[in-house]
Structure formats: structure tokens, C-alpha cells
Amino acid sequence: MKHLGIRAKLTLSYAATIALVLVVIGGVLFHLMTLRLDHAVNERLKELSTGLWGHMEFRNGEPTLSNEPEDYFVRIAARWSQLYDAENGRLLAESEESRLLHATLSPGEAKRTTAKPTFDELASEGVQFRFYSTVYRAEQHPYLLRVGVPLVQVRAARQELIRTLLLIFPPSVLLAGLAGRWMAGNALKPVEELRIAAHQIGISRLDRRLPLRGTRDELDGLAKTFNQVFARLEEAVGNMKQFTASISHELRTPLAALQGEAEVVLMRPQTPEEYRRVLTSQLEEFHKLNRLTNRLLELAMAEAGEIQLENRTFDIAALLHSMCEQMEPIAASQHVSLEARWTEPIQLVGDPHWLERAILNLLDNAIKFTPEGGKVCAEATSQGNFVQVEISDTGTGIPQEALPHIYERFYRVDDSRSRQGVGLGLAIVKWIIEAHHGTIQVKSEVGAGSHFTILLPLTSKAHAATAD
Ligand code: ADP
């Protein structure tokens, strides 16, 4: 049964259920019919007994049948009858058939029966008989009258019922099995269609979907859920493909530049100044490549949930202030003023190291994208159970159409300044903020500047969430 298909199992279950129902119904019918027939026979015997007694006459203890023996009722009633003296059990009269049947009671049996009149049965030459014994009084004397009937009809009726049931049973079970098979086949047809459709979906064909029949049944629900899973897989695989393509692109360009530069320099001897110039420029590229690979590694670890975040209580306002102090020389070198608005201490539970990374990335971007004479502001304010960290600049701003993409890996707005970065900074910032159960939002206007707002809960514990 374990290895049978659903269709075979349903077929067998149907057939077994119908067989069971038929057996139960047959049993109940047989039992009811037996009770009814038994009752009818007993009533008939009582009728015969009282009728026969009514036709009897006693003269000085001698019984005679008052009516002429041709009377049909008397003939039937008296056919298997015996009359006993109820006091001593002596047989007074007996019909011819009763004698042939050897149905006569001994005086002892007759006396016992007198004490407790009842029905009894006996079989003779394959025929079952039932007798009814009753005590009547005539001339102040008790008599035991015993009348009987053969149970041939009862037996025949029972056999007929059994025969009918046996006749109905096999075709009904067969029919139920066939109907079950047909219904199971019908019900499983869409499953087979789903199986074939699912078979055609592979990693290179993730755009395919399972067919929906519009029946809104369980199978349609299942297909819908699978389609949602396929859609998510398609998106994830698409992202991975794009990610891989972006990495190759990011690595290929600087490597090709480094190779080309080195080949040109080696073509003929150069002055020590020329070698110094080329090596210095190459060192810059190496730094960039180093930064890129470090950030990629960081993101990969974040995605794999391998970064363990600390949960320490620290003053985020003080942290922001010290970040600004740290960035001050860089801002000054680009003639950008950096202002950290001092507020009261704000205690936050989280990982100071990673939050420092996030704030540094935002400050670095703000300074990088703000032209000379511009201004960058940083401020932390407490908002109930949250802290709000704002970093704003009066820089180049981000075009509206670029805003939804700035947290994507390798995304850079296409201008010369953006080309200097690797496009991974904001992806890491977003991961850090979300790992702290916070949110990050940006408002920006081209030519006017950008305003990043981070909202962090003060007490919820950071956990190593996976990046998008
Ligand atoms: P990158 O390492 O190139 O700076 P990021 O992920 O940090 O990459 O930022 C993605 C892009 O978003 C940047 O290339 C830049 O175009 C834009 N951007 C981020 N911050 C600012 C900002 N403060 N002002 C203007 N543009 C910004």
C-alpha cells in the first residue's frame, strides 16, 4: 500500500468503503428480516394454538375436535399438534405428522413444559420445526396443547436474501473501484499538468510559470505559491547574475589599465621620475582595488549572516561628534565646512564599530559630493524610543530617478565624482542600519544637496541580518 500511487490508493479505498458499507447494510437487513420472520412465525403459532383450542371439546376428560376435520384451518392447526394432560404429562392425542416427526414429549418433558410454556424447535430430515406450548383449562382440568409449523419459508426467505446480497456485492465493489479510479484520475489530471510544467522550469528558464486554471482550488493555490517562489528565485538569480557581471566589470577596467600602463612603460627605458609617476598612479589603482575587494568581502559575509554584531550601550551623539572630528581634515582639504551639531548624550544599544562605519560612509559621500565652499552638517537627536541621525550637505544632489537605486550594489550616478567610488558604500550602510532594526531615508535635489536621515531604536538588539 505504501508504494502504491495516489490513484491506486483512492481506487482501493473506494472499493473497500463500498464493500464495508454493503456488508454492514446486508448484516443489518439480514438481522431485521430474521427478527420480523421470527415474530411472524410466533404470532402464527399463537393464532393456530388458540384457534385449535376453540375447536376442541372435552367429555369426561376425553378430547375431541368439535369441527369436521375438513375445515382447512383445523387441518393446518392440528397437523403437527399434541395434547397432554398437564397434571401428569400423559399424551392424550397426537396428529399423524407429529408422530412421524417423533416430536412427542415424554411425560417428564411435558410436565416441565407445563411449568414454563414456551417455544421450542427441532429438526427432522433437514427441515426445521417450531412448536408452541400453552396450558388451557377445560372442565376444571389443565391441558397442555403443543402446535408446530415447519420453518421452510423462513429459511427460504433468508437464503434468498443472502443470495441477493452476494449477487449485488461483487459488481457493486467493482463499480465503486472503477468510479474511484475515474474520479481519482480526473482529480489528479491537473497535478500531472503541474508536474510537466514544473519539469520545464530550470535555472536558465526561471521566467516560466506553472499554469493557473482559475478554479481557485487547492491546486491553483499551490501553483500560485510555487509561482511566487519562482518569481523570487528569478529575481535573486537575476541579481546574482548582475552582481557577478558588475564585479567582473569593476575588476576588468582597472586591471586592463594597470596592465596597459605597465606594458607601455616597459617598452623602452624610462627616467626614474617617469617610473615614480607610473608607480604612484598604479598604487592609487591598487588602493581602489583593495577597497573594492574588502567591501565585497564584507557584503558577502553580511549576506551569509557571518558578521557577529555586538550589543553594547554607548553614546551615539558622542560617536557622531568624534566621527566629524576625524573627517574634519579631509573636509578642510576640500574646502568644505563640516559642522557637528552638539546635543546631549543619547544612549543606544548596538554595535558602535559598525554604526561608525555607516556614519563614516555617509560623511565621506557628503564631503566627496560637495564642491568647494559647501557645507556638511551632522546631528543626532533623540525622538522618544528612537535616535535620529541626520547628515546633510549642500553638494551636487542626486537625481530623483537615481534615488531608488543608490543602495544597490555597484550603483553610481553617472558623473565624474561618482566614478571615483566603487558603489558599495550605501549598500553596506543599509545593511548596518537594518541589522540595527532601523531605517534610512534620503531627500535630495540636484544642485541643492542631499539629506540622509537614519532612525534607530534605542534598545532593540542588533542581529546579523542578511543584506538584500
Ligand atoms: P560610492 O562608493 O561610489 O560612493 P555609494 O554606494 O556610497 O557608492 O553611493 C552610491 C551613489 O550614490 C554614488 O555614486 C553617488 O552617485 C550617490 N551619492 C551617495 N551619496 C551622495 C551624496 N551625499 N551626494 C550626492 N550623491 C551621492
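Serine 337 has its bridge partner in β11, and that partner is lysine 375. Alanine 340 also has a partner there, alanine 378. Strands here are DSSP runs of E, at least two residues, and helices are runs of H or I, at least four residues, each numbered from the N terminus. Two strands pair if DSSP finds at least two bridges between them.

A word on the source. This is a predicted model, where local features need pLDDT of at least 70 and side-chain atom pairs count only at pLDDT 80 or more, while totals for chains, interfaces and linings use all residues. Residues are numbered from 1 along each chain as its sequence is written, and side-chain values use heavy atoms, with hydrogens and water left out.

Back to the strands. β9 and β11, residues 375-383, run parallel, joined by five bridges. On to β12, residues 386-393. Eight bridges join β12 to β11, and these two run antiparallel. Alanine 378 comes up again: isoleucine 391 in β12 stands opposite. β11 and β12 make a hairpin with two residues between them. Look at glycine 384 in that turn: its phi is positive, about 65 degrees.

Next, another open sheet of five strands. The order is β4-β3-β7-β6-β5, and the pairing is antiparallel. Inside, β3 (residues 81-85) and β7 (residues 141-150) pair antiparallel over five bridges. Leucine 83 has leucine 145 in β7 as its bridge partner.

Helices now. The axes of α1 (residues 6-54) and α5 (residues 152-199) come within 8 Å and cross at roughly 160 degrees. That makes the two roughly antiparallel, a label for angles over 145 degrees. What sits in the contact of α1 with α5? The residues divide into 24 nonpolar, seven polar and four charged. Nonpolar covers Ala, Val, Leu, Ile, Met, Phe, Trp, Tyr, Cys and Pro; charged covers Asp, Glu, Lys and Arg; the others, Gly among them, are polar.

Last, the rings. Ring pairs link Trp53, Phe58, Tyr136 and Tyr143 into a cluster. Rings of Phe, Tyr and Trp (its six-membered ring) pair if their centres lie within 6.5 Å. Arginine 146 lies over the face of phenylalanine 131, at 4.2 Å from the ring centre. The rule there: NZ of Lys or CZ of Arg within 6 Å of the ring centre and within 35 degrees of the ring normal.

Terms used:
Rings of Phe, Tyr and Trp (its six-membered ring) pair if their centres lie within 6.5 Å; planes under 30 degrees apart count as stacked, over 60 as edge-to-face and the rest as tilted. Axes are lines fitted to C-alpha atoms, for helices over the stretch in contact, and angles run from 0 to 180 degrees between N-to-C directions. Angles under 35 degrees count as roughly parallel, over 145 as roughly antiparallel, 65 to 115 as roughly perpendicular and the rest as oblique.
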